[in-house]
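Open the model in your viewer and keep the selection panel at hand.

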Amino acid sequence: MSHVSSHSPHGQTPLHTVQVLGGGSVGSGVHVRSLAAGLVARGVRVSVCAPEEADRAYGFADAGARHVPVPRSGDPVSVAALRTACADADLVHAHGLHAALRAALALTGRAVPLVVTWHDHAHAEGARARLVGLLERRVARAATVVLGTSSGLVDRARRSGARDARLAAVALPGLRRAGAPAAEDEPDRLLHKSRAELGAVDRPLVMAVGALEPGRGHTLLLDAARAWRHLDPLPLLVVAGEGPERPALLRRIEAERLPVRLIGRRDDVPDLLAAADIAVLPGGRETRPVLAQEALHARVPLVAAATSGLVELVGDAAELVPPGDAEALGTAVARLLADPARRARLRDKGAAQAAAWPTEDETVTQVLSVYDELTRPLPFT
């Protein structure tokens, strides 16, 4: 049975929470959308402060929340807009480092609980790394509770001075559980259609998904793909996503005649992924990458860089390789393509691992429990 908030801070009006999102990753966007829908269904009034493009992508208003357009910028005008949006909030919940910093600034001088969810590691080097460390300490100390999406992030928040840091339950919304019923001929029909469209009817299909931007590992992925060129049949690597690195990646694919296709941003990634023989995740900062979760749910064997959050997420249900090692990545994919029995074992392990992850209902229940704890009126003494 779902947990329903049984009180409001004033005893009469519904609890009003403001969710602050700065754009961020796909994972944080879908999480906020799911959280908003679940909270609204439980009688909580929800406002989502996010850029216009985030609302277009995730449909916060469609989830029953009030969308307040607030740019990702940390300039005084944006902070003032956020402060106005939070004027009657009982609790503010910020997602990501930059969103949390702006929320902390907007709440300066106000005794409003601030919950912060850290979804990923902020990647930085040199002077910028020192700045990120300062921001993390500022946010951790300003937050009433920090929710980390991995044990590593919880530890990092504690080292940064968080008063209260806890492991967050985070579900990936909109997925049918492994083994859920489907039309008998639908999977085969969709699989054939997707593979035909991509040009992989008679060859192995390897799928990657992610924005074409620095830090996502796409250059390393092309390095790995060079090791597959001797295989027969030749595997096809398909990358769904868009970003500033596209021109450079295309030039290299053409110059080196790599078996790689960049197909841009797609709305049918789950169908394409279900048609793949292997999913590959070469890197990234997210502790709960959407691709990893979708692959295991879809029973698609996963080869991934063994970052700490990813290891915690998938356990032994994926083929893990050292981060930044293109040779190991390429070899792991080639070996897995040649081993149907290993792929079958990973499909079964992946389905079992995915079944153990939190559901949307469990995620909303945990968050609402934190909200109740922080907004419950103190007893008279």
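Contact here means heavy atoms within 4.5 Å. Helices (H or I, at least four residues) and strands (E, at least two) are DSSP runs, numbered from the N terminus. This is a predicted model: local features need pLDDT of at least 70, side-chain atom pairs count only at pLDDT 80 or more, and totals for chains, interfaces and linings use all residues. Residues are numbered from 1 along each chain as its sequence is written, and side-chain values use heavy atoms, with hydrogens and water left out.

**Stop 1: the helix pair.** Select Val79, Leu82 and Arg83 in H3; they meet Arg102, Ala103, Leu105 and Ala106 in H4. The residues of this H3–H4 contact divide into 5 nonpolar, no polar and 2 charged. Now show both helices whole, H3 (residues 76–85) and H4 (residues 97–106): their axes come within 8 Å and cross at roughly 70°. Axes are lines fitted to C-alpha atoms, for helices over the stretch in contact, with angles from 0 to 180 degrees between N-to-C directions.

**Stop 2: the sheet.** Select the 7 strands of the open sheet, ordered S3-S2-S1-S4-S5-S6-S7 with parallel pairing. Two strands pair if DSSP finds at least two bridges between them. At the edges, S3 (66–69) and S7 (165–167) each pair on one side only. Zoom to S1 (residues 16–21) and S2 (residues 45–50), paired in the parallel sense over 5 bridges. Thr17 stands opposite Val46 in S2.

**Stop 3: across the sheet.** Bring back H4, which lies across S1, S4 (91–95) and S5 (114–118), at about 150° to S4. Finish on H15 (residues 360–375), which lies across S1, S4, S5, S6 (145–148) and S7, at about 140° to S4.

Terms used: Ala, Val, Leu, Ile, Met, Phe, Trp, Tyr, Cys and Pro count as nonpolar, Asp, Glu, Lys and Arg as charged, and the others, Gly among them, as polar.
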